[in-house]
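Colleague: I would like a close look at a single part of this model. Please take me through it in short steps.

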Amino acid sequence: MTPALEKSAVETDTPHVQEDAVEYYIAPSEDARVRRRIDWFIMPAMVLVFFFQFLDKQTINYASVFGLSKTLHLSGQDFSWAVSLFYFGQLTAQFPSAYFISRLPVTRVVGVSICAWGAAEMCIAASPNFAGLAATRFFLGLCEGAASPGFVIITSNWYKRAEHPVRVAWWQSCSGLSQILGAVIMYLVGRASGLALENWRVMFLICGGATIVAGVSFALFMPKNTTTAWFLKPQDRIIATERLALDRATLDRSQFNAAQVKEALMDVQTWLLFCMGLFICIPSPILKFSSLVISGFGFDKFQTMLVGLPGGALQIITIWTAALGMRHTHNKRWLWGILLTCVPFLGVILLMTLPKSAGWGIVVSTWLAACSSSLMVVSLSLAASNVKGNTKKSTVSAIFFIAYCTGCIAGPQLWQAEDAPRYMKGLISSVVSWVLLIMTYTTYYFVMTRENARRDRLAAAVIVDEKVDASAQLGVATDSDMTDREDLKFRYTV
């Protein structure tokens, strides 16, 4: 299976860069077998970790109903700031995380951060007042900063582009799963009596301790990349590596490339992805405030926990609608993004217009309004599939999650206690964000389709020698670190 260079090479529009075609011989049955093997080991590890990340972020939502605000004497905008400070920490972590991810094995960086955020989650249980809560929430976000960008890169390091939507859906589904199981756990902890601590403090200790266990397991057993996969035979490692090269993907490397950082900052795709992250997250406070909204309309704290469960199930349904829809249609990811934006858009409109007496209509509206995780699947699959180059991938991921954090910081400040239980200013900002997101997906489609057409015209004008072996498949070299702009044979998935 030694690669052979093709006789002719196609020069890219980047100086001193050549795209050398390399021949590989991988039977479809072998490709599928190795992919299934990767699924059995990589996906459970990613799902477990992402479940705890979502659970840890949502715990404050449940704790707010079980006395956190009263115990810590929160008033005014204190709760909104406690929500926002998490994202200040995550924002602070983005560029340091991008640097360490580009210099060190991404799985190790993520593993260490998991253990640190589990410890931070447990520290929240010791908060004596708002200052303590604010500090621990900031530190929790700081520790989680490497996880989401790292997961985008890990997905692209193991899977081909056509496989990204379903794999992103697997770990993104944990948003709904954690919403369901988190509510059940809080319901059971809330019912417990004779505890030495307040029930909400116990919830933080349980979630933080479980996260540390997951982090240690991830750091010890998650391989660096396909070339070091302990669960694959030596020959299967070669296939796992070469199937990515056929898809024109690049492997995780321990080098920081300043030129790729510059390219990322100058690339219009980067800023379209930035806009996606921002507009998805400005309406996100509904996830943190849903319990307060529901309880504000007359449900007691135990009813609030239970009536939120179907919302998690709806999250999972919309996530898999996005994943399977993108899998079974060609270059329609942008369209699925627009269609699924209509779900939370409808929920927000209903929350703005339904009378207070609507009861269950209000509850269903919160379920719909919170269904934004499917949009993260669409946007993250575009980022994983369309950005090449080790340092460029980490930079673009960091920029996307800077937008994510910015939206999550700004959003809660529009959900003010004086506006409860309807929070009209927050709902209006959500409507504006969903409209702008639809415009962003449409712009992304036209920009990337135009670039693909330009590359098709360039390819048609270049004469390339025929392959020596007609049965071979062409890809990049397994040690390639070309970016998507340098690799003119690369076509963007829209």
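**A loop residue and its surroundings**

Modeller: Let us start with His73. In this predicted model, His73 is exposed, because its relative accessible area of 65% is over the 50% cut-off. Where does His73 lie? The loop between helix H2 (68–71) and helix H3 (78–103) holds His73. Now look at its backbone. His73 is not a glycine, yet it has a positive phi of about 55°.

Asn331 also has a positive phi, of about 50°, and is not a glycine. Find Asn331 in the loop between helix H15 (309–327) and helix H16 (333–353). Is Asn331 exposed or partly exposed? Asn331 counts as partly exposed, because its relative accessibility of 23% falls between 20% and 50%.

Next, turn to Arg201. Helix H9 (residues 199–221) contains Arg201. Arg201 is buried, because its relative accessible area of 10% is under 20%. Which residues does Arg201 touch, not counting those up to four places away in sequence? They are Thr71, Leu72, Ala125, Ala126 and Ser127. There is a polar contact too. The side chain of Arg201 makes it with the side chain of Glu198, at 2.7 Å.

Last, go to the surface. Met424, Ile428, Val432, Val435, Leu436 and Met439 form a nonpolar patch there. Together they have about 470 Å² of accessible area. Met424 lies in helix H20 (residues 424–460). Met424 counts as partly exposed, because its relative accessibility of 31% falls between 20% and 50%.

Technical notes: Residues are numbered from 1 along each chain as its sequence is written. This is a predicted model: local features need pLDDT of at least 70, side-chain atom pairs count only at pLDDT 80 or more; totals for chains, interfaces and linings use all residues. Side-chain values use heavy atoms; hydrogens and water are left out. Helices (H or I, at least four residues) and strands (E, at least two) are DSSP runs, numbered from the N terminus. Buried means under 20% relative accessible area, exposed over 50%, partly exposed in between (1.4 Å probe, protein chains only). A polar contact is a pair of N or O atoms within 3.5 Å; within protein, one must be able to donate a hydrogen and the other to accept it, and residues adjacent in sequence count only if both atoms are side-chain atoms. Contact means heavy atoms within 4.5 Å. Patches are made of residues with over 30% relative accessible area and no salt bridge: like charges are joined within 9 Å, nonpolar side chains (Val, Leu, Ile, Met, Phe, Trp, Tyr) within 5 Å. Accessible areas come from the Shrake-Rupley method with a 1.4 Å probe; for residues, only the protein chains shown count as cover. A salt bridge is a side-chain nitrogen of Lys or Arg within 4 Å of a carboxyl oxygen of Asp or Glu.
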